[in-house]
Amino acid sequence: MTTASPIRLGILVFDGVDELDVVGPHRVLSTWSARSALRPDVILFSHDGLPVRSSTGLHLVPAGDVDDAGTMHVLIHPGGPGVRRLTRDREHLAWLRRTRAGTALLVGVGSGSLALAAAGLLAGRAAAVHPDCRRLLLGLEPSALLDVGVTNLDDGDLLTCTGGVHAIDLALAVVERFEGAPMAAAVRGTLTYDPGP
């Protein structure tokens with residue numbers, strides 16, 4: 001896949017986010033950016049640009065707010081306990097719908113898919129979600145096609161995973177989508193990440 005402008009990948013952070021859902025993909029994508037002639041732009045952002053506190057107390061300092069994130073080729077929505085609040089936040093859900101309209105690839109990590117469901121973005125779509133959130137996701141979007149037999153799911157312009165370490169695999173799938181399997185393998189090698197068979 002080629003783009004006319006640098007590939008822009010945004011990772012949303014919020015209070016109560018699961019840091020592994022954020023840090024795993026950020027590390028993969030930043031490593032890719034350092035190795036790639038495409039020089040993808042990876043931005044960590046929050047709604048207001050202020051620092052957030054993860055579900056375990058880790059403080060994350062974003063590079064900016066939603067306006068700084070601008071138009072993205074890829075939007076990554078992580079999960080964590082704080083996502084439950086976002087499923088009821090009308091402004092967040094409206095922002096998700098607006099942003100989705102101009103974003104080529106939407107990525108839901110773990111329980112982050114709950115926000116996508118609440119925004120109506122999983123209607124009739126195949127998705128994976130953290131095992132503890134399956135019932136809740138179907139309550140938010142009964143027409144979602146939940147696949148409980150996989151950890152990562154590729155449904156074209158929508159990638160989802162069950163979260164945790166699988167967020168790394170999902171980010172590697174993003175790399176492969178834009179620059180092929182050899183680059184994804186090179187990034188995996190740089191990180192000495194071997195998920196095994």
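Me: To start, is Ser-46 buried or exposed?
Reply: Before that, a heads-up: this is a predicted model, where local features need pLDDT of at least 70, side-chain atom pairs count only at pLDDT 80 or more, and totals for chains, interfaces and linings use all residues. Residues are numbered from 1 along each chain as its sequence is written, and side-chain values use heavy atoms, with hydrogens and water left out. Now, buried means under 20% relative accessible area, exposed over 50%, and partly exposed in between (1.4 Å probe, protein chains only). Ser-46 has a relative accessibility of 2%, so it counts as buried.

Me: Where does Ser-46 lie, and what does it touch beyond four places away in sequence?
Reply: Ser-46 lies in the loop between S2 and strand S3 (52–53); helices (H or I, at least four residues) and strands (E, at least two) are DSSP runs, numbered from the N terminus. Contact means heavy atoms within 4.5 Å. Not counting residues up to four places away, Ser-46 touches Leu-12, Val-13, Val-52, Pro-62, Gly-64, Asp-65 and Val-66.

Me: How many residues are in the largest nonpolar core, and which helix gives the most to it?
Reply: A nonpolar core is a set of buried Ala, Val, Leu, Ile, Met, Phe, Trp, Tyr and Cys residues joined through side-chain atoms within 4.5 Å. The largest one here has 59 residues, and Leu-29, Trp-32, Phe-45, Leu-96, Val-107 and Val-174 have the most contacts inside it. With 11 residues, the top contributor to this core is helix H7 (residues 166–190).

Me: Which residues is Val-107 in contact with, leaving aside neighbours within four places in sequence?
Reply: Val-107 is among the residues with the most contacts inside that core. Its partners, sequence neighbours within four places left aside, are Val-74, Leu-75, Ile-76, His-77, Leu-116, Leu-159, Leu-170 and Val-174.

Me: How are H1 and H7 set relative to each other, roughly parallel or roughly antiparallel?
Reply: The axes of helix H1 (residues 19–35) and H7 come within 9 Å and cross at roughly 20 degrees. Axes are lines fitted to C-alpha atoms, for helices over the stretch in contact, and angles run from 0 to 180 degrees between N-to-C directions. Angles under 35 degrees count as roughly parallel, over 145 as roughly antiparallel, 65 to 115 as roughly perpendicular and the rest as oblique. H1 and H7 are therefore roughly parallel.

Me: Is Trp-95 buried or exposed, and what is it in contact with outside its sequence neighbours?
Reply: Trp-95 sits in helix H4 (residues 90–101). Its relative accessible area is 8%, so Trp-95 is buried. Leaving aside neighbours within four places in sequence, Trp-95 is in contact with Leu-12, Phe-45, His-47, Val-66, Met-72 and Leu-75.

Me: What is phi of Arg-39 near?
Reply: Most residues other than glycine have a negative phi, and most peptide bonds are trans. Arg-39 is in the loop between H1 and strand S2 (41–45), and with a relative accessible area of 49% it is partly exposed. Its phi is positive although it isn't glycine, near 45 degrees.

Me: And is Thr-192 buried or exposed?
Reply: Thr-192 is in the segment after H7, and it has a positive phi, near 45 degrees. Its relative accessible area is 69%, so Thr-192 is exposed.
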